[in-house]
Amino acid sequence: MDTTTTPLTDEAIRANLTEFLATRTRQEITHDLDLFATGLVSSLFAMELLTHIEAAFRVSVPAEELKLDSFRTVDTMAALVLRIAGD
């Protein structure tokens, strides 16, 4: 997904993350799927996911947001991006 021209909306963020995760895991991803509980995201993949979020949405995730609950689902990650972008 080309984020250079994509508006930073909840829908666009969720679409980008869903596509990225589905491509990388080769699994169907829903917006409320707990990625850690299902085993789809390991600690190493979580770092790749963080890198993707920061690059795709041009945000810097602060240290206090580096917790599992911020990355547990597509919905929580979209909320994280919108929270950071709004600061």
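Start in the middle: the largest nonpolar core has 24 residues. A nonpolar core here is a set of buried Ala, Val, Leu, Ile, Met, Phe, Trp, Tyr and Cys residues joined through side-chain atoms within 4.5 Å. Buried means under 20% relative accessible area, exposed means over 50%, and partly exposed is in between (1.4 Å probe, protein chains only). Select Leu-17, Leu-21, Ile-53, Phe-57, Phe-71 and Met-77, the residues with the most contacts inside this core. Helices H1, H2 and H4 each supply at least two of its residues, and H2 gives the most, with seven. As background, nonpolar side chains in soluble globular proteins tend to be buried together.

Before moving on, a word on what you're looking at. This is a predicted model, in which local features need pLDDT of at least 70 and side-chain atom pairs count only at pLDDT 80 or more, while totals for chains, interfaces and linings use all residues. Residues are numbered from 1 along each chain as its sequence is written, and side-chain values use heavy atoms, with hydrogens and water left out.

**Stop 1: two helices**

Now select residues 10-25, helix H1, and residues 43-57, helix H2. Helices (H or I, at least four residues) are DSSP runs, numbered from the N terminus. At what angle do H1 and H2 pack? The angle is about 145°, and their axes are 11 Å apart. Those axes are lines fitted to C-alpha atoms over the stretch in contact, and the angles run from 0 to 180 degrees between N-to-C directions. H1 passes H2 in a right-handed crossing, the term for a near helix turned clockwise from the far one by less than a right angle.

Show the side chains where they touch. On H1, pick Ile-13, Asn-16, Leu-17, Phe-20, Leu-21, Arg-24 and Thr-25; on H2, pick Phe-45, Glu-48, Leu-49, His-52, Ile-53, Ala-56 and Phe-57. Contact means heavy atoms within 4.5 Å. The residues of this contact divide into nine nonpolar, three polar and two charged. For that count, Ala, Val, Leu, Ile, Met, Phe, Trp, Tyr, Cys and Pro are nonpolar, Asp, Glu, Lys and Arg are charged, and the others, Gly among them, are polar.

Zoom in on His-52, which sits in helix H2. Is His-52 buried or exposed? At 18% relative accessibility, His-52 counts as buried. Leaving out residues up to four places away in sequence, His-52 touches Asn-16, Leu-17, Phe-20 and Phe-57.

**Stop 2: a loop residue and a core residue**

Next, select Leu-35, in the loop between H1 and H2. Leu-35 is buried, with a relative accessible area of 1%. Beyond residues up to four places away in sequence, Leu-35 touches Leu-21, Ile-29, Leu-40, Val-41, Phe-71, Arg-72, Thr-73 and Met-77.

Hop over to Phe-71. Among the residues Phe-71 touches, again not counting those up to four places away in sequence, are Leu-35, Leu-50, Ile-53, Met-77 and Leu-80.

**Stop 3: salt bridges**

How many salt bridges does the structure hold? There are six, each a side-chain nitrogen of Lys or Arg within 4 Å of a carboxyl oxygen of Asp or Glu.

Pick Arg-14 and Asp-10, whose side chains meet in a salt bridge (3.1 Å, N to O). They are four residues apart in helix H1, so about one helical turn separates them. Arg-14 is partly exposed at 21% relative accessibility, and Asp-10 is partly exposed at 34%.

Now try Arg-83 and Glu-65, another salt bridge (3.1 Å, N to O). Arg-83 lies in H4 and Glu-65 in the loop between H2 and helix H3 (68-71), so the pair ties together parts that are 18 residues apart in sequence. Arg-83 is partly exposed at 40% relative accessible area, whereas Glu-65 is buried at 14%. Back at Arg-14, salt bridges that share partners join Asp-10, Arg-14 and Asp-75 into one network.

**Last stop: two arginines in loops**

Finish with Arg-26, in the loop between H1 and H2. Arg-26 has a positive phi of about 60° although it is not a glycine, and it is exposed, with a relative accessible area of 76%. Then select Arg-58, in the loop between H2 and H3. Arg-58 has a positive phi of about 50°, and is not a glycine either; at 62% relative accessibility, Arg-58 counts as exposed.
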